[in-house]
Amino acid sequence: MANDFRSTDELLDVNYAITDKRSLMNKRFQDGELGEAINYARCMLEATCKYVYHELTGEEVEDVEGHDGYISLKNLSDTTIDKLSALISHEEFLKDIKDNVTKIICGIGNVRNEGSASHGPRTRNIEPHREETLYLMSLAEDTCNFLLKLLYTRTHIEEANVVNGKFSESDLNNLGEKFE
């Protein structure tokens with residue numbers, strides 16, 4: 001089982017910082033560096049939140065919401081999800097969604113802080129097991145996809161055959177004479 005990280009929906013390729021962190025996360029996992037894989041999962045989440053915030057506001061989140069150019073992971077995720085709130089269909093569920101996404105992001109950050117990839121704790125490092133690492137990588141990737149797809153499906157029309165959407169060549173061929 002050298003390569004058993006699930007292959008599902010690819011992470012949206014919208015920003016090099018995000019895709020680079022994903023590649024590094026997967027490479028570290030394949031190399032057996034589980035703490036580093038979780039570290040990059042956290043970095044991927046952080047890069048995604050910063051990207052989404054910038055796409056929505058045109059500003060850097062650290063400058064607007066942070067203090068002296070720094071913003072905590074919890075504040076970063078809360079702020080990003082607050083900015084996305086207008087794009088969520090069922091606003092009555094926003095608080096639960098926000099709390100759960102923030103818990104996932106911060107939980108991955110906390111696991112990372114307990115491992116050897118953290119800032120050098122005074123106490124013993126607790127390394128994650130392979131299965132835990134796979135689970136956290138999956139959560140991180142799914143959370144990034146949720147944030148990116150929410151941003152793009154609600155702010156960009158990229159689906160085929162919708163008003164102002166894209167037409168594929170096969171769609172045009174199916175229209176035949178109707179298109180002319």
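Reply: Gladly, and to begin with one crossing, helix α1 passes helix α2 in a left-handed crossing. Please keep in mind throughout that this is a predicted model.

Me: At what angle do α1 and α2 pack, and how far apart are their axes?

Reply: Helix α1, which covers residues 16-30, packs against α2 at an angle of about 170°, and the two axes are 8 Å apart. An angle over 145° counts as roughly antiparallel, so α1 is roughly antiparallel to α2.

Me: Which residues meet there?

Reply: On the α1 side they are A17, I18, K21, R22, L24, M25, R28 and F29, and on the α2 side they are L34, E36, A37, Y40, A41, C43, M44, A47, T48 and Y51. Sorted by class, the residues of this contact between α1 and α2 comprise 13 nonpolar, one polar and four charged.

Me: OK, now α2 and α4. How close do their axes come, and at what angle do they cross?

Reply: The axis of α2 (residues 34-57) and the axis of α4 (residues 73-84) come within 9 Å of each other, crossing at roughly 40°. The two helices are therefore oblique to each other, and α2 passes α4 in a left-handed crossing.

Me: And which side chains or backbones are involved, residue by residue?

Reply: From α2 the contact draws on R42, E46, C49, K50, V52, Y53, L56 and T57, while α4 contributes L73, L76, S77, T79, T80, K83 and L84. By class, this contact of α2 with α4 consists of seven nonpolar, four polar and four charged residues.

Me: Is L147 buried or exposed?

Reply: L147 counts as buried, because its relative accessibility is 0%.

Me: Where is H54, and what is it in contact with?

Reply: H54 is found in helix α2, and, leaving aside neighbours within four places in sequence, H54 is in contact with E59 and E60. The relative accessibility of H54 is 31%, so it counts as partly exposed. The C-alpha atoms of H54 and T80, which are 26 residues apart along the chain, are separated by 9.3 Å.

Me: What about E62, is that one buried or exposed?

Reply: E62, which is found in helix α3, counts as buried because its relative accessibility is 16%, and the cut-off for buried is under 20%. Once residues up to four places away in sequence are left out, E62 touches K50, H67, G69, Y70 and I71.

Me: While we are in that region, what is the phi of D68?

Reply: D68 has a positive phi of about 55°, although it is not a glycine. As background, most residues other than glycine have a negative phi. D68 lies in the loop between α3 (61-65) and α4, and D68 is exposed, with a relative accessible area of 72%.

Me: Last one, how much of the contact count comes from residues 24 or more positions apart?

Reply: Among contacts in the protein chain with a separation of 6 or more, residues 24 or more positions apart account for 66%.

Conventions
Residues numbered from 1 in each chain as written. Predicted model: local features only at pLDDT ≥ 70, side-chain atom pairs only at ≥ 80, totals over all residues. Heavy atoms only, no water. Axes fitted to C-alpha atoms, helices over the stretch in contact; angles between N-to-C directions. Helix = DSSP H or I, 4+ residues; strand = E, 2+ residues; numbered from the N terminus. Parallel < 35°, antiparallel > 145°, perpendicular 65-115°, else oblique. Left-handed = near helix turned anticlockwise from the far one by under 90°. Contact = heavy atoms within 4.5 Å. Nonpolar A, V, L, I, M, F, W, Y, C, P; charged D, E, K, R; others polar. Buried < 20%, exposed > 50% of the residue type's maximum accessible area, 1.4 Å probe, protein only.
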